[in-house]
Amino acid sequence: MMAEPYNIFIEGIPGSGKSTLLDTLSRHFTDYHVYREGDISPVELAWCAYMSEDAYRQSLLDLADMRGEVERNTIKEGVQYIVPYTKIKTENYHFYEYMEKFEVYGGRKDPSEFREIILRRFRDFHSNGNIFECSFFQNIIEELMLYAMFSDQQIIDFYVDLAALLDLSAFKLIRLVSPDIRQCIQTIKEERVNPEGEEVWYLMMIDYLSRSPYGAAHQIQDFEGMVSHFKRRIALESEVMKLLPAECCFDIESKHYDTADLLRIFNASPDDQGKEKGGKR
């Protein structure tokens, strides 16, 4: 067990091994609550519908055949209703299209409203002993880059405000980094294919990037554009990590870390944490 409960945030670009690392840590820290991408997380809203009461009540009428499943999977948070709709399995794809409209990502909220939603949820978060996937960087920073079209400085300023809300005594950020970004993307491009051999992840990602305001403005239409996007994201993440105490942030080489060394990050004394093998700023 860890000497004290932390909130562990796992980050990294696609294909870096975030889910694998989350599974590894969850096996070692069995009393921690694990939030995978798409779960109802206390700090982040990926793949969840975020609905007013009126919109929620209307959805129960419009999706009458799914009402029971929706109600069983919904939580109320203040005046909002949160539905982790991708966790609900159905062959009715209209259901997913309907719910997707209520996500806070994809430019569906203006930047100021998006900012307030995320900061409010971090501000209201007051528990330790949690492991989060993609909840500090991936989904938030992609929205700020691609849809809010924030400059680098505006993104840094957002994270200055976010960092001020963290309990840094219980905060650990583990970022999986690849020495070769291009090869990392190429590997996932080739691995995530359908039974017909189509590179479904790559095609989906290119479509997502090219359709965003940033992607359209910068003509992100191919593999090179995708690599360029992730290079910018990684550089921004590195700048944000400089805002945080060194003992809170660790870069771990993707898929080439020793689990025993990794676990020592959480058992070390504050003076030793920044010196752990594999953990560096």
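Helices (H or I, at least four residues) and strands (E, at least two) are DSSP runs, numbered from the N terminus. The loop between α2 (53–62) and α3 holds D65. The structure is a predicted model, in which local features need pLDDT of at least 70, side-chain atom pairs count only at pLDDT 80 or more, and totals for chains, interfaces and linings use all residues. Residues are numbered from 1 along each chain as its sequence is written, and side-chain values use heavy atoms, with hydrogens and water left out.

D65 has a relative accessible area of 62%, so this residue is exposed. D65 and N92 are separated by 27 residues in sequence, and their C-alpha atoms are 9.9 Å apart.

I8 sits in strand β1. I8 counts as buried because its relative accessibility is 0%. In sequence, I8 and L173 are 165 residues apart; in space, 5.9 Å separates their C-alpha atoms.

T74 occupies the loop between α3 (67–72) and β4 (75–77). T74 is buried, because its relative accessibility is 16%. Its side chain makes a polar contact of 3.4 Å with the side chain of Y56. A polar contact is a pair of N or O atoms within 3.5 Å; within protein, one must be able to donate a hydrogen and the other to accept it, and residues adjacent in sequence count only if both atoms are side-chain atoms. Leaving aside residues up to four places away in sequence, T74 touches Y56, Y81, I82 and V83. Contact here means heavy atoms within 4.5 Å.

Two loop residues other than glycine have positive phi. Phi of W47 is near 60°. W47 belongs to the loop between β2 and β3 (49–52), and counts as partly exposed at 40% relative accessibility. Q219 has a phi of about 50°. Q219 is in the loop between α10 (213–217) and α11, and is exposed at 61% relative accessibility.

The largest nonpolar core has 56 residues. Such a core is a set of buried Ala, Val, Leu, Ile, Met, Phe, Trp, Tyr and Cys residues joined through side-chain atoms within 4.5 Å. F122, F136, I140, L144, Y159 and M226 have the most contacts inside the largest core. At least two residues of this core come from each of α5 (111–123), α6, α7 (152–163), β7, α8 (181–191), α9 (200–211) and α11 (223–241). The most come from α11, which gives 7 residues. F122 touches F9, V43, S135, F136, I140, L162, L165 and L166, not counting residues up to four places away in sequence. Apart from this core lies another, of 18 residues, including Y6, Y32, V34 and I131.

Helix α6 is mostly covered, with 9 of its 9 residues buried. They are Q138, N139, I140, I141, E142, E143, L144, M145 and L146. In helix α1 (residues 18–28), the buried residues are K18, L21, L22, T24, L25 and S26. These pack against β1 (7–11), β2 (33–35), β6 (130–133), α6 (138–146), β7 (171–177) and α12 (259–267).

Two packed helices are described by the angle between their axes and the distance between the axes. Axes are lines fitted to C-alpha atoms, for helices over the stretch in contact, and angles run from 0 to 180 degrees between N-to-C directions. The axes of α1 and α12 come within 12 Å and cross at roughly 65°. This crossing is right-handed. A crossing is right-handed if the near helix is turned clockwise from the far one by less than a right angle, and left-handed if anticlockwise. L21, T24, L25 and H28 of α1 meet T259, L262, L263 and F266 of α12.

The axes of α8 and α11 come within 10 Å and cross at roughly 125°. The pair is therefore oblique. Angles under 35 degrees count as roughly parallel, over 145 as roughly antiparallel, 65 to 115 as roughly perpendicular and the rest as oblique. The crossing of α8 and α11 is right-handed. On the α8 side, I181, R182, I185, Q186 and K189 take part; on the α11 side, F223, E224, M226, V227, F230, K231 and I234.

Helices α7 and α11 pack at about 40°, with axes 10 Å apart. This makes α7 oblique to α11. D152, I155, I156 and Y159 of α7 make the contact with R232, L236, E239 and V240 of α11.

Conventions: Buried means under 20% relative accessible area, exposed over 50%, partly exposed in between (1.4 Å probe, protein chains only).
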